[in-house]
Amino acid sequence: MQVIRKDPGKPPKLVEIPNTLKALQQAVGGYIETVSFCKDALVICNEEGLLMGLAPNCSFLGIPFVGTILIVGRSGEEFCSLSHTAQQLILSQLGTGEQPRTYREEYK
């Protein structure tokens, strides 16, 4: 499936990734956690990223993330590719150059 990958300190990019639990866990470096932000897309991140001390990545829609994140489409209960429109909108939002803040800074 075609998703957006955002690594800490790097610009977001479109990538192809197999739609398997193993591939998603490998991409984020551990157990996955999903964060829904609309009916047809969500963020996949490392569930234990804060505990593992992963590097701050970005703040997306006001939510701070650490480590690598994937933004994927959703169709019902399944992950899927993002639509072209969603890709462009999300890439423009992530490409604003917003500097990552640490978790503690975000929630003071």
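Two strands count as paired if DSSP finds at least two bridges between them. The model shown in these views is predicted.

**View A. Strand β7 and its pairing with β1.** β1 and β7 meet this criterion with three bridges, and the sense of their pairing is antiparallel. Within this pair, Arg 5 has Leu 70 of β7 as its bridge partner. Five of the seven residues of β7 are buried, so the strand is largely enclosed by the rest of the structure.

**View B. Strand β7 beside β4.** Strand β4, residues 41-46, runs antiparallel to β7 and is joined to it by four bridges. Ala 41 lies opposite Gly 73 of β7.

**View C. The hairpin of β7 and β8.** Strand β8 covers residues 78-80 and is antiparallel to β7, with three bridges between them. Gly 73 faces Cys 80 of β8. Two residues separate the strands of this hairpin, and Gly 76 in the turn has a positive phi of about 65 degrees.

View D. In helix α3, residues 84-94, the buried residues are Gln 87, Ile 90 and Leu 94. These residues span an arc of only 80 degrees around the axis, which places them on the same side of α3. An α-helix has 3.6 residues a turn, so residues three or four places apart point the same way. The exposed residues His 84, Thr 85 and Leu 89 are on the face turned away from the buried side of α3.

**View E. Packing of helix α3 on the strands.** The buried residues of α3 pack against β1 (2-6), β2 (13-16), β3 (32-38), β5 (56-60) and β7 (69-75).

Terms used
Residues numbered from 1 in each chain as written. Predicted model: local features only at pLDDT ≥ 70, side-chain atom pairs only at ≥ 80, totals over all residues. Heavy atoms only, no water. Buried < 20%, exposed > 50% of the residue type's maximum accessible area, 1.4 Å probe, protein only. Arc of directions from axis to C-beta. Contact = heavy atoms within 4.5 Å.
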